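Trainee: I have a few questions about this structure. Can we go through them one by one?

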Amino acid sequence: MSKPRFIVVGGGLIGVTTLYELVSRGYDAALFEAEEDLALGASFANGGMLTPSMPDPWNGPGVARHLFASLFDPRSSMKLHLSQVPSLFSWGLKFLAGSGRARHEAATLANYRLCARSLDRTRALTKELGLEFDQSDRGTLKVFESEAAMAGPLALAQRLAQEELRFEKLDAAATVAREPLLAPIADRIAGALYFPDDGVGDARKFVLALAEKARELGAAINLGARVNDLILREGRICGIVQDGKEHLGEVVLCTGVWSPELAAQLGQSIPVKPAKGYSLSVDARALGNRMPRVPVIDDAMHAAVVPLGDRLRFVGTAEFAGFNQEIDQVRIDNLISLFERLYPDLEGSIDLSDAKPWTGLRPMSASGQPIIRQSAKEGLWLNCGHGHLGWTMACGSAEQIVDLIYEKAYRP
Ligand SMILES: Cc1cc2nc3c(=O)[nH]c(=O)nc-3n(C[C@H](O)[C@H](O)[C@H](O)COP(=O)(O)OP(=O)(O)OC[C@H]3O[C@@H](n4cnc5c(N)ncnc54)[C@H](O)[C@@H]3O)c2cc1C
């Protein structure tokens, strides 16, 4: 029997981890990426946080009320733009259907299990392959202004503790003991939840390093290679068309927010929509030994300040604004004010004039869970819709899709 061949479409976190998983298990695989380099989409400058501690989908109970109010609030942390309502209609109904308590809890649990498995796999690969991507493993701190604000996340952490999530509930003094740079705001916070097993790392650096390892194992990586069509023969997908040329093989679609495009040609609908987010990356070498050590998440603002090597990355906000990737300075200013609110003593200590603003589109599935399965057509596999957790889930999702491929008896 000839060796099965796989074509991975999309060269972000999900595509490259899938490619590596395929070739490391002995499959013959090639990747096609539309852009001139890898990880220029959502995986470019994301928050960098590896957080099984945040597995809850965004369509939690009360989300409908929140989104409706956001139509009239330009500063809302999760904002729906009126112009997007028609295009979000059918996806939105599914998104809201998942916001009932029981469904949301089930999705949270499933996400947590995948995140935890994925983080183990990320760490194992990092060690085994000697990958460097500004990683560190000091956990994350989620800070709260009041006990009332902490109640929901604390209840979630307590539920997930039954699944082995480790956490500590800290009062303001213990929070400062964990991150002394928070001392100036000790009187403004009720405390924090500390998740010791979370990690951070630069997702793009990880993608580039892992892609190199995949190449060493024989993977072909084609850049500037937009896939235009899927080839359907005798009811099954048997390859792709790129620049007028056919390439044959089973196809794994890892195209993030663009995943619905190719599948739509087959009349298949993939319920994924873009949720725009922002980051601002800042050279923080000037801080010297005053560099924050632990990523701090401000629960009220749904935003974070994340140390990544000698940089700080401020990250947050979610907007349903279609595929618009324009940078709105108000959103960037919000991220800067988050930093100044968390670390008032560091205000003015770093040069923000050179900071790099970025927006990316999170591929949000309607269910809040990633789509990792064979499609309705044989020969086409889906690994997409990882939303706000694509970095955390990437290695685990790759393992999961290749397990499915293997179970289908496509043995290398
Ligand atoms: C602001 C922000 C902060 C985030 N923070 C975190 C975080 O802290 N932790 C976390 O876990 N996750 C985070 N995420 C989520 C995470 O970044 C995404 O879930 C993840 O990057 C999705 O990866 P992907 O490979 O599916 O998509 P992408 O990285 O977008 O890759 C898809 C690729 O497919 C290519 N493509 C599309 N169509 C075609 C075609 N026809 N032919 C060839 N190539 C094609 C695109 O060019 C693109 O490179 C964040 C996201 C954002 C936007």
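Trainee: Which residue in β17 does A304 stand opposite?
Mentor: This is a predicted model; local features need pLDDT of at least 70, side-chain atom pairs count only at pLDDT 80 or more, and totals for chains, interfaces and linings use all residues. Residues are numbered from 1 along each chain as its sequence is written. Strands here are DSSP runs of E, at least two residues, and helices are runs of H or I, at least four, numbered from the N terminus. In β17, A304 stands opposite V315.

Trainee: How many bridges pair β16 with β17?
Mentor: Two strands pair if DSSP finds at least two bridges between them. β16 (residues 303-308) and β17 form a hairpin with 2 residues between them. They pair in the antiparallel sense, and the count of bridges is 6.

Trainee: Which residue of β17 is the bridge partner of S279?
Mentor: β14 (272-283) runs antiparallel to β17. The two are joined by 7 bridges. For S279, the partner in β17 is V315.

Trainee: Why is β17 largely enclosed by the rest of the structure?
Mentor: A residue is buried if 20 or more other C-beta atoms lie within 10 Å of its own, exposed if 12 or fewer, and partly exposed in between, with C-beta atoms placed from the backbone. β17 covers residues 311-320. It is largely enclosed because its buried residues number 9 of the 10.

Trainee: How many bridges join β4 to β17?
Mentor: β4 spans residues 78-80 and runs parallel to β17. M78 stands opposite A318 in β17. The number of bridges joining β4 to β17 is 3.
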